[in-house]
Amino acid sequence: MVKGQRENKGNFPRIITCPNEMVAMSMADGYARLTGKPQCVIVHVDVGTQGLGAAVHNASTGRAPVLVFAGLSPFTLEGEMRGSRSEYIHWIQNVPDQTQIVGQYCRYAGEIKTGKNIKQMVNRALQFATSDPQGPVYLVGAREVMEEEINPYSLEQSVWDPVELGGLTPKASKEIAEALLGAENPLLITGYSGRNHKIPDALVELTNTVKGLRVLDTGGSDMCFPASHPGWLGLRFGIDPAITNSDVIVVLDCDVPWIPTLNKPKDGVKVFHIDVDPLKQLMPLFYVPAQHRYRADALVAVEQITSEAKSQAAKLDAAAVAKKWDALQASHKERLDSIASKANPAEDGTFGTGHLCKTLRSLCPQDTIWAIEAVTNTAFVHDNLQPELPGSWINCGGGGLGWSGGGALGIKLATDAQNGGKGKFVVQIVGDGTFLFSVPGSVYWISKRYGIPVLTIVLNNKGWNAPRKSMLLVHPNGLGSTATNEEINISFDPVPDYAGIAKAAAGGDLFAAKVDKADDLERTIKEAIKAVEGGQSAVLDCKVTLGC
């Protein structure tokens with residue numbers, strides 16, 4: 001490491017010290033999610049691997065290409081080889097199969113057994129990480145191997161590219177185009193197709209060709225479709241009237257298009273499933289009742305369907321097409337008006353997540369990148385931020401709470417690297433309980449040490465509300481439905497000083513503020529933005545009311 005840094009200045013990987021493994025993995029995840037370039041996390045043997053925790057799950061389900069390397073306890077103990085055991089802990093950290101700690105979440109897990117083919121092993125792992133479905137990979141190596149002396153060698157890197165996916169067959173693209181054009185209420189459901197930043201424009205072209213086609217995001221991990229388009233239905237986690245009202249549905253790169261126990265398509269609906277992983281090979285239970293399913297690249301498939309639809313569109317009745325387009329525009333206006341009406345502050349000056357995010361959208365730079373982990377408030381956040389630009393919305397790809405602290409730092413590092421050191425403005429929006437999961441003591445120390453300024457908005461509603469919602473879905477009239485937050489142990493009382501925790505971690509060099517009245521919101525956000533643009537991170541503790 002020292003040799004590489006000294007001899008290859010400017011051409012050696014930048015190393016960020018992270019005093020917590022989950023934060024490290026989340027930073028790598030955020031960087032990889034924005035750029036598509038794999039990142040590397042180095043951790044300490046089995047205990048460091050366990051410290052990655054839920055971040056491995058997030059990278060796996062969120063399809064983030066991250067290479068994790070961990071050491072192994074030395075496999076000799078009497079000095080047989082250089083690197084043999086020399087410390088007490090080498091016995092304690094010797095486990096039967098270290099790769100099994102994270103192996104089920106990884107696209108590949110393997111052991112480096114000699115330095116003589118180490119570059120091939122790393123390249124093989126990276127091929128798995130960067131080939132669809134992308135995700136984390138895990139390599140381990142014992143100290144004796146790391147101490148091995150080898151003759152320098154190089155590889156031809158051009159032969160280690162990831163596997164490329166193809167598109168649809170001509171028959172498939174024609175059949176899908178015909179079905180969409182002939183439908184009364186066509187619907188496209190997506191989740192993570194927007195990881196490819198060319199997808200939003202491609203979907204706009206498709207919806208402009210198939211008049212009446214609507215786009216629903218049921219994953220929320222990436223910006224897939226612009227809110228300004230009449231076909232935008234926003235983000236809903238598998239529950240929306242459009243799912244039950246549609247007669248043709250295309251599912252595009254999506255893990256949970258709908259939740260059958262709450263709503264599902266009508267009988268007889270044509271469903272086409274296009275995905276990089278249509279069988280969801282890491283999910284023991286998954287199926288979508290699709291008449292046709294295809295393993296294909298989303299962008300190639302959408303462009304094929306659009307091209308075929310254009311060739312068929314001239315045969316359609318112009319009056320009927322115009323009627324669909326007018327109805328789509330009217331329903332879009334009604335949707336936006338409804339969102340706006342619910343985002344007003346209350347008469348007593350309190351405000352909800354909707355009003356907060358509407359204010360953020362009006363004050364932050366137009367090309368802001370939003371790192372979101374708002375859990376039960378996610379739909380309100382999306383409705384009111386109304387993301388437009390590809391890559392501008394990045395949500396945690398899984399269910400491991402705490403991603404957004406490190407994730408936001410990784411995203412900021414990535415956008416700075418993409419823009420010559422002065423990247424886009426980055427805002428983290430996070431629930432109060434999730435903020436604690438993010439290990440803020442590590443996050444804001446890293447932010448200060450490496451000069452990575454981000455704006456964090458903590459949605460303070462005094463507790464974990466996701467468990468209550470989950471309970472009510474199963475037992476809407478049960479005993480818990482009338483219980484207090486304290487009774488079901490989801491209350492944060494006394495309320496932590498979230499901004500104060502961050503400020504302490506940054507050694508006092510952080511803009512920290514609390515807001516509980518709408519009259520103070522705009523002024524405080526402007527001050528926070530100014531601080532971040534000046535190179536100082538900011539944390540706003542915003543007290544929000546529930547359900548709006």
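**Loops, sheets and spaces**

Mentor: Let's start with Val375, which sits in the loop joining strand 11 (369–373) to helix 14. Helices here are DSSP runs of H or I with at least four residues, strands are runs of E with at least two, and both are numbered from the N terminus.

Trainee: What is phi of Val375?
Mentor: Near 55°, a positive value in a residue other than glycine. Keep in mind that the model is predicted, so to speak of a local feature a pLDDT of at least 70 is needed and side-chain atom pairs count only at 80 or more, while totals for chains, interfaces and linings use all residues. Residues are numbered from 1 along each chain as its sequence is written, and side-chain values use heavy atoms, with hydrogens and water left out.

Trainee: Which peptide bond is cis?
Mentor: The one from Asp132 to Pro133, with omega near -5°. Pro133 belongs to the loop between helix 6 and strand 4.

Trainee: Back to helix 14. How does it sit against helix 13?
Mentor: The axes of helix 13 (residues 353–363) and helix 14 (residues 378–385) come within 8 Å and cross at roughly 35°. Those axes are lines fitted to C-alpha atoms, for helices over the stretch in contact, with angles from 0 to 180 degrees between N-to-C directions.

Trainee: Which residues meet there?
Mentor: From helix 13 you have Thr353, Gly354, Cys357, Lys358 and Arg361, and from helix 14 Phe380, Val381, Asn384 and Leu385. Contact means heavy atoms within 4.5 Å. By type, the residues of this contact are 4 nonpolar, 3 polar and 2 charged. Ala, Val, Leu, Ile, Met, Phe, Trp, Tyr, Cys and Pro count as nonpolar, Asp, Glu, Lys and Arg as charged, and the others, Gly among them, as polar.

Trainee: How many bridges join strand 8 to strand 9?
Mentor: There are 5, between strand 8 (residues 248–252) and strand 9 (residues 270–275), running parallel. Within that pairing, Leu252 stands opposite Ile274.

Trainee: And what about the sheet of 4 strands, what order does it have?
Mentor: The order is 1-2-4-3, in an open sheet with parallel pairing. Its edge strands are strand 1 and strand 3 (108–111), and each pairs on one side only. The twist there averages 15° from one strand to the next. Strand 2 and strand 4 (residues 137–142) run parallel and are joined by 6 bridges, and Leu72 is found opposite Ala142 in strand 4.

Trainee: Which strands does helix 2 lie across?
Mentor: Strand 1 and strand 2, with helix 2 running at about 170° to strand 1. Helix 6 lies across strand 2, strand 3 and strand 4, at about 160° to strand 4.

Trainee: Now spaces. How many cavities of 30 Å³ or more are there?
Mentor: The structure holds 2. On a 1 Å grid over the protein atoms alone, a cavity is a set of points where a 1.4 Å probe fits but cannot get out, while a pocket is an open set with protein on both sides within 12 Å along at least five of seven lines; lining residues have an atom within 4 Å of a point. Points are joined across faces, edges and corners, and a volume is the space filled by probe spheres set on them.

Trainee: What's the volume of the largest cavity, and what lines it?
Mentor: About 80 Å³. Its lining includes Thr190, Asp217, Trp232 and His382. Strand 6 (214–217) gives the largest share, 3 residues, and the whole lining is 7 nonpolar, 3 polar and 2 charged.

Trainee: Which residues line the second largest cavity?
Mentor: Leu188, Leu206, Val250, Leu252, Ile274, Ala301, Val302 and Ile305. Helix 11 gives the most, with 3 residues, and the lining is 8 nonpolar, no polar and no charged. The space is about 30 Å³.

Trainee: How much space lies in the second largest pocket?
Mentor: About 1700 Å³. Among its 37 lining residues, Phe12, Pro13, Ile15, Cys40 and Ile42 lie nearest the centre. Helix 2 and helix 6 each supply at least two of the lining residues, as do strand 1 and strand 2. The lining divides into 25 nonpolar, 7 polar and 5 charged.

Note on methods
Pairing = 2+ DSSP bridges.
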